[in-house]
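This report goes through one structure, helix by helix and then along the surface. Please look over the sequence and the model before reading on.

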Amino acid sequence: MLLDSGALDSGLFKEIIAQLKERLELTAHEILMPIRLALAGRLGERDLDRVILLLDTAAALPWSVPLKGTRTRIVEFCAALD
C-alpha cells in the first residue's frame, strides 16, 4: 500500500494502518511495531511515528548526505528479509 501511494503523511499513515487492521485482524500495536522497525531501524513509541511521517518531506530536501524516504526504506527492509 505504501509503495502504491503518494508521499507519506499523517492521513495516509492512518489510512494504511486502518486497512491493515481490517485485513489482517491485528491490533494497531501489532502493526506499528514492525513498521517502526522497517522505517526507523528501531522499535519505539509514539514519538517515533512523528519522525517517520517526516521522512518523505526531509528526503526531498537538498542535504549533503541524501536521506532515504519511506519507499526506499521499505524496499531495502523487505530485500533484507529475502
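What span should the 13 residues of helix α2 have, and how far apart are its end C-alpha atoms? The model is a predicted one, and the values below are computed from it.

## Helix α2

Helix α2 covers residues 28–40. At 1.5 Å a residue, its 13 residues should span 18 Å, and the end C-alpha atoms lie 17 Å apart, which agrees. The expected figure is 1.5 Å times one less than the number of residues.

Buried residues in α2 are Ile31, Leu32, Met33, Ile35, Arg36, Ala38 and Leu39. After α2 comes Gly41, and its phi is positive, near 80 degrees.

## Helix α1

Helix α1 runs over residues 10–24. The same check can be made here: at 1.5 Å a residue, the 15 residues of α1 should span 21 Å, and the end C-alpha atoms are 21 Å apart, which agrees.

Which residues of α1 are buried? They are Leu12, Phe13, Ile16, Ile17 and Leu20. Seen down the axis of α1, the buried residues fall within an arc of 135 degrees, so they line one face of the helix. An α-helix has 3.6 residues a turn, so residues three or four places apart point the same way. On the other side of α1, Lys14 and Glu22 are exposed.

## The two ends of α1

At the start of α1, Asp9 places a side-chain oxygen within 3.3 Å of the backbone nitrogen of Gly11. Just after the helix comes Glu25, which has a positive phi of about 55 degrees.

Glu25 belongs to the loop between α1 and α2. Most residues other than glycine have a negative phi. Glu25 has a positive value although this residue is not a glycine. With 72% relative accessibility, Glu25 counts as exposed, because the cut-off for that class is over 50%.

## The segment before α1

Glu15, in α1, is 14 residues from Met1 in sequence, and their C-alpha atoms are 9.7 Å apart in space.

Asp4 is found in the segment before α1. Asp4 is exposed, and its relative accessible area is 74%. From Asp4 to Ala38 the distance is 17 Å, C-alpha to C-alpha, and the two are 34 residues apart in sequence.

Arg71, which has its place in α4, is 66 residues along the chain from Ser5, and their C-alpha atoms are separated by 9.5 Å. Arg71 counts as partly exposed, at 28% relative accessibility.

## Salt bridge

How many salt bridges does a search of the whole structure find? The search finds one. Lys68 forms a salt bridge with Glu76, and the closest N and O atoms are 2.8 Å apart. The cut-off for such a pair is 4 Å.

Lys68 is partly exposed, with a relative accessible area of 38%. Glu76 is likewise partly exposed, and its relative accessible area is 38%.

## A nonpolar surface patch

Leu61, Trp63 and Leu67 make a nonpolar surface patch of about 300 Å². One of these residues, Leu67, sits in the loop between α3 (46–59) and α4 (70–81).

Leu67 is partly exposed, with a relative accessible area of 32%. That value can be set against the patch cut-off, which asks for over 30% relative accessible area.

Methods: Residues are numbered from 1 along each chain as its sequence is written. This is a predicted model: local features need pLDDT of at least 70, side-chain atom pairs count only at pLDDT 80 or more; totals for chains, interfaces and linings use all residues. Side-chain values use heavy atoms; hydrogens and water are left out. Helices (H or I, at least four residues) and strands (E, at least two) are DSSP runs, numbered from the N terminus. Buried means under 20% relative accessible area, exposed over 50%, partly exposed in between (1.4 Å probe, protein chains only). Patches are made of residues with over 30% relative accessible area and no salt bridge: like charges are joined within 9 Å, nonpolar side chains (Val, Leu, Ile, Met, Phe, Trp, Tyr) within 5 Å. Accessible areas come from the Shrake-Rupley method with a 1.4 Å probe; for residues, only the protein chains shown count as cover. A salt bridge is a side-chain nitrogen of Lys or Arg within 4 Å of a carboxyl oxygen of Asp or Glu. The arc is that of the directions from the helix axis to the C-beta atoms. A polar contact is a pair of N or O atoms within 3.5 Å; within protein, one must be able to donate a hydrogen and the other to accept it, and residues adjacent in sequence count only if both atoms are side-chain atoms.
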